[in-house]
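I am opening a notebook on this structure and will write down what I looked up, entry by entry.

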Amino acid sequence: MTLPSHARTVIIGGGVIGCSIAYHLAREGRKDIVVLERSKLTSGTTWHAAGLVRRLRPSATLTKLINYSIDLYGELKVETGQATGWTQTGSLTLATNEDRLTNIKRQVSLGRAFGLEAEVVDAVRAKELWPLIEVDDVIGAVWSPADGRVNPSDVALALSKGARARGVQIFEDTRVTGLRKKSGRISGVEVGEHVIEADEVVIACGLWSREVAAMAGAHMPLYACEHFYILTKPLAEVQALGKGAHLPTLNDQDAFLYARDDVEGLLVGCFEPHAKGLPLDRLPRDFSFDLLDEDWDHFMPMMENALRRIPALEKAEVRMLLNGPESFTLDSQFMMGESPEVPGLFLMGGMNSTGIALAGGAGKAMAEWIIAGEPTMELNEADIRRFSPEMNVLGALEARIPEVLGRHYDNPFPGRSMETARGQRRSPIHAGLVAAGARFESRGGWERAVHFGGEAAHLPLTFGAPAWREQVGREVEACRTGAAILDQSAFGKIMVQGPDACAFLNHLCAAQMDIALGRIAYTQILNKRGGVESDLTVQRHGPETYLMIVGAGEVVRDLKRMRETRGDFRVEFTDVTSGYAIIGLAGAKAREVLQATSNAPVLDLKRFGFAPVEIGLARGWVGRLSFTGEEGYELYIPADMAMAAHEALVAAGATHAGLFASGSLRIESGFRAFGHELTPGTTPIEAGLDPFCAFGTGFVGEAALSENSQNSLGAGRLIVSLLFDSPDAIPIHDEPIYAGGEVVGQITSAAWSYRFGRSVALAMITGGQRFFGEKSLPDGTWPVEVDIACTRYPARVSLKPAKEAFADV
C-alpha cells in the first residue's frame with residue numbers, strides 16, 4: 001500500500017487512542033482517513049497496559065466516557081469478529097480509614113445518579129469477594145459488579161479492524177518526521193521526503209506526542225513516568241477458583257496498589273508515592289514493544305504493601321517485574337481538543353494511566369469534536385485549552401509529573417494542591433500576600449491565595465469541617481463590613497483595538513458592547529450551539545479601545561475563539577495579562593480605605609463604571625464592581641506599581657481575603673462561574689443570564705438560543721440556589737439531587753455559608769418545567785435531598801440568590 005499524497009484526516013499514532021479516533025471518525029461517515037504508526041500498532045504503551053476498566057469515577061464526564069467504552073468493548077467482537085477480551089469481573093475498592101471510605105462512597109453516590117450498580121460492603125463481605133486478601137484493617141469497601149477488564153492490544157486491533165472495514169488506511173513502520181503549516185493552519189505531514197497534504201491532523205502518539213506537536217509549534221504539556229507491576233506464575237489459591245473464574249479487580253488505594261488475577265497467577269501494580277520520571281532521551285529511537293529495566297529497589301516498598309494485603313504472594317514465584325512508560329499531565333486529567341496555536345491540529349494524550357478505560361468514549365468525543373468543530377458534550381476538565389503555553393515548560397513537567405503519578409490515589413480533599421513546580425506565575429503583589437500569611441494553591445500555573453491563616457489553618461485536610469473555617473469566616477466578615485484585599489491578578493486581560501472593535505465585540509459577545517466610555521459590561525462568549533465558552537467583563541477605554549477581563553483559566557480559549565471570529569473585522573487583540581495587577585477591595589469600608597490612600601478625590605462611581613485613580617505612589621484605574629456580591633471595587637494597576645498600591649492599602653487599614661472567602665460570598669449572591677455553572681454545554685437561558693443577552697444584534701450563538709427561546713422556567717435545565725437544612729452536610733461538587741425519589745440535578749458549586757451557618761450551593765436542575773411545576777413551600781422554595789457519600793441530606797432550592805431567598809433563616 002502506497003502512502004497517499006492527500007488525506008482529509010491524518011492520525012499520528014496507532015495505539016488504542018489513535019485507533020479509536022479513526023474508528024469513530026469512519027463510523028460517523030468521515031472518508032479519506034489515514035493512520036500513521038512509527039512502528040507497529042499498540043507497540044508504545046497500549047500493549048503493556050493492565051487493561052482495567054472501572055466505571056465509578058469522581059466526575060460525571062469521566063463516568064459517561066467510561067460507560068460508553070464498556071458498552072463499545074462488548075459490541076466490537078460482534079461487529080468485527082475480533083475479541084477484545086472484555087470480561088465482567090466486578091471491582092472491589094478497599095478503605096482502611098474514614099476519609100477513604102467517604103471518598104469511595106461519594107463515588108457510589110455519583111454512580112447511582114447514572115444508574116450504576118454499586119454496593120458499600122463490610123470487611124467480611126470484602127473477604128468473600130476476594131478470598132486472598134487480609135482484611136484486619138479494612139473498615140469498609142465498595143463492590144462494583146459491572147466493572148471488568150479487557151486485553152488492551154485486542155481492543156486496539158478490534159478498533160483498527162472496524163476502521164479498516166470503513167475505508168481507513170493504516171500504515172505501520174511509518175515515522176512522521178515533520179508537520180507543515182500554511183497561513184498558520186496545519187496543512188500536511190512529512191514522512192521523510194514524502195508529504196501527505198491534510199485538511200486536519202490528529203496527534204495521538206502517547207509518550208512522543210509533546211515532541212510531535214512541537215514540530216508544528218503547538219504545545220502539549222505531558223511527560224512520561226515509569227510504571228510498575230509484577231506478574232506471578234500460577235498460584236494454587238488462584239487456580240482453586242476454578243477454570244474460567246476470575247477475581248474482581250482489587251483497588252487498595254491506601255496502600256497504593258491494584259491487583260487482578262492473570263493466567264492463574266496475579267498481576268499487582270502500584271502508583272507509588274515517589275515515582276520516577278522518564279526523559280524521552282533515555283528511550284532508543286526504535287523503542288517498540290519494549291520495557292524499561294526492572295528496579296526492585298524502587299518497587300520493594302510497594303511489594304511489602306502487597307505482601308501485607310495478599311499473604312499468598314509470599315510463596316508466589318514472580319514471573320517478571322514489568323516497567324513500562326506512560327504519560328501524565330500537570331493536573332492528572334487527560335487532554336484533548338484542537339490546538340489553540342495551530343488550527344486544524346487536534347491533540348489527545350496524557351491519559352494518566354486510564355487510557356484503556358477512556359479510549360472508547362474519548363475517541364468518540366474527539367471524533368465528534370473534529371467533525372462539529374467544537375465539543376458535543378461537557379469536556380471542560382479534559383479540554384487542552386486549560387493549558388497555556390507557559391505551562392509547557394520542560395522543567396515544570398519534569399518536577400510535577402512524578403508527583404502526579406505518586407498522588408494518583410490521593411483522596412481529593414478540598415484544599416489539596418500539588419507541591420512541585422510551584423511559583424511559576426506569581427501576582428505582582430505576591431510578596432505582600434506572603435507577608436500577610438497567605439496559604440497558596442497552584443491553579444493554572446498561578447499561585448493563588450486561598451486564605452490567610454497559613455499552614456496552621458489548612459492542615460489536616462478532610463472531607464468534614466476544614467481547619468480554615470474560622471479563618472475564612474473572619475475574611476468573609478472583612479469582605480462585608482471592612483475593606484478586604486482580594487488578589488485577582490491571575491485574571492486574563494485582553495486589549496481589543498481597531499476601527500471595528502465595537503462591531504467585533506458585538507459579534508463575539510452576547511451583551512451590547514456599544515457602551516459609553518468609562519463603563520463596564522458583563523457578558524458571555526458563546527459557541528454556535530449557544531453554550532457559554534467564557535464569562536467576562538468588558539471595559540470601554542476609547543471609541544476604538546476595549547479591555548476584556550476574563551477568568552484565570554479562560555485566556556487561551558478566549559484568544560482562540562477571537563481568532564476564529566475575527567474574519568474581516570479591522571481589529572487587533574493583545575494578551576496583556578502580565579502587564580497589570582487586579583486588586584479587589586471589598587466591604588463597606590472599601591471607599592473609605594481607598595480614599596485614605598490618595599491625595600486626589602476618589603470619584604463617586606456608579607456601579608459598573610470606572611475612572612482613573614491614584615493609590616499611594618501608584619496610579620491606575622478603579623472600577624466599581626465586586627465578584628463577592630458585596631460593596632467593592634476592582635483596582636487595575638500596572639504591574640511595576642502594584643506593590644506600591646498594595647502597601648498603601650494595607651497602611652490605610654485594608655486586610656486580606658482569599659479564594660475560599662470570595663467563593664462563599666459568590667455562591668450566596670448567586671453569581672455563576674465558568675467551569676461550574678457556566679460551561680460550553682450550558683446556555684445563558686439555563687444559567688438565568690438571558691437578560692444580559694442583546695438579542696437582535698447577531699452575536700455568535702444567538703440563532704441557537706432563538707431556536708430554543710423558552711424563558712428560564714421553561715428551559716429543560718436551570719441553575720438554582722440551594723441551602724441545606726443541617727450543618728452536617730458538606731458538599732463539594734457534582735453531588736446528585738433528588739426529589740420525589742428521582743435524580744433532578746447536581747451540585748455545581750458549594751461552600752460554607754457564614755451567613756446561614758451551613759452549606760450553601762448552586763446547582764443545575766434538569767427537567768425544570770416538571771420540577772418547578774410542583775407546588776413550592778410557603779416561602780417560595782422547593783424541598784430536595786442531596787446524596788453525599790451515600791447519605792441523603794434535606795435542602796431547599798430557590799430561583800433567587802441564597803442571601804435573598806433564605807434571608808429569614
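Which residues does serine 209 touch, not counting residues up to four places away in sequence? I found Ile203, Ala204, Met220, Leu222 and Met348 in touch with serine 209, where contact means heavy atoms within 4.5 Å.

Before going further I noted what I am looking at: this is a predicted model, in which local features need pLDDT of at least 70 and side-chain atom pairs count only at pLDDT 80 or more, while totals for chains, interfaces and linings use all residues. Residues are numbered from 1 along each chain as its sequence is written, and side-chain values use heavy atoms, with hydrogens and water left out.

I placed serine 209 in helix H6, residues 209-214; helices (H or I, at least four residues) and strands (E, at least two) are DSSP runs, numbered from the N terminus. Serine 209 counts as buried because its relative accessibility is 0%; buried means under 20% relative accessible area, exposed over 50%, and partly exposed in between, with a 1.4 Å probe and protein chains only.

I then turned to cysteine 509, which sits in the loop between helix H13 (501-508) and strand S25 (520-526). Cysteine 509 is also buried, since its relative accessible area is 0%. Leaving aside neighbours within four places in sequence, I listed Thr523, Gln524, Ile525 and Phe699 as the contacts of cysteine 509.

**Entry: helix H17**

I looked up helix H17, residues 659-669, and found it mostly covered, with eleven of its eleven residues buried. Among them are Leu659, Phe660, Arg666 and Glu668. Glycine 670 follows H17, and its phi is positive, near 75 degrees.

**Entry: aromatic rings**

A pair of aromatic rings is described by the distance of the centres and the angle of the planes. I used this rule: rings of Phe, Tyr and Trp (its six-membered ring) pair if their centres lie within 6.5 Å, and planes under 30 degrees apart count as stacked, over 60 as edge-to-face and the rest as tilted. The structure holds 15 aromatic pairs. One of these aromatic pairs joins tyrosine 258 and phenylalanine 271, and I noted it as tilted, at 5.8 Å centre to centre and 45 degrees between the planes. This pair links distant parts of the chain, with tyrosine 258 in strand S15 (residues 257-262) and phenylalanine 271, 13 residues apart from it, in the loop between strand S16 (265-270) and strand S17 (277-278). Both tyrosine 258 and phenylalanine 271 are buried.

Why is the pair of tryptophan 296 and phenylalanine 299 edge-to-face? The pair is edge-to-face because the planes of its rings stand at 80 degrees, with the centres 5.9 Å apart. I found both residues in helix H8 (residues 296-309), three residues apart, which is about one turn of the helix. Tryptophan 296 counts as partly exposed at 28% relative accessibility, whereas phenylalanine 299 counts as buried at 1%. Ring pairs link Phe228, Trp296 and Phe299 into a cluster.

**Entry: salt bridges**

A salt bridge is a side-chain nitrogen of Lys or Arg within 4 Å of a carboxyl oxygen of Asp or Glu, and a search of the whole structure finds 50 of them. I looked up aspartate 262 and arginine 260, which form a salt bridge with their closest N and O atoms 3.2 Å apart. Aspartate 262 is buried at 14% relative accessible area, and arginine 260 counts as buried at 10%.

Lysine 803 and glutamate 630 meet through their side chains in a salt bridge of 3.9 Å, N to O. Lysine 803 lies in helix H20 (residues 802-805) and glutamate 630 in the loop between strand S31 (618-623) and strand S32 (632-638), so this pair ties together parts that are 173 residues apart in sequence. I noted lysine 803 as partly exposed, at 22%, and glutamate 630 as buried, at 15%.
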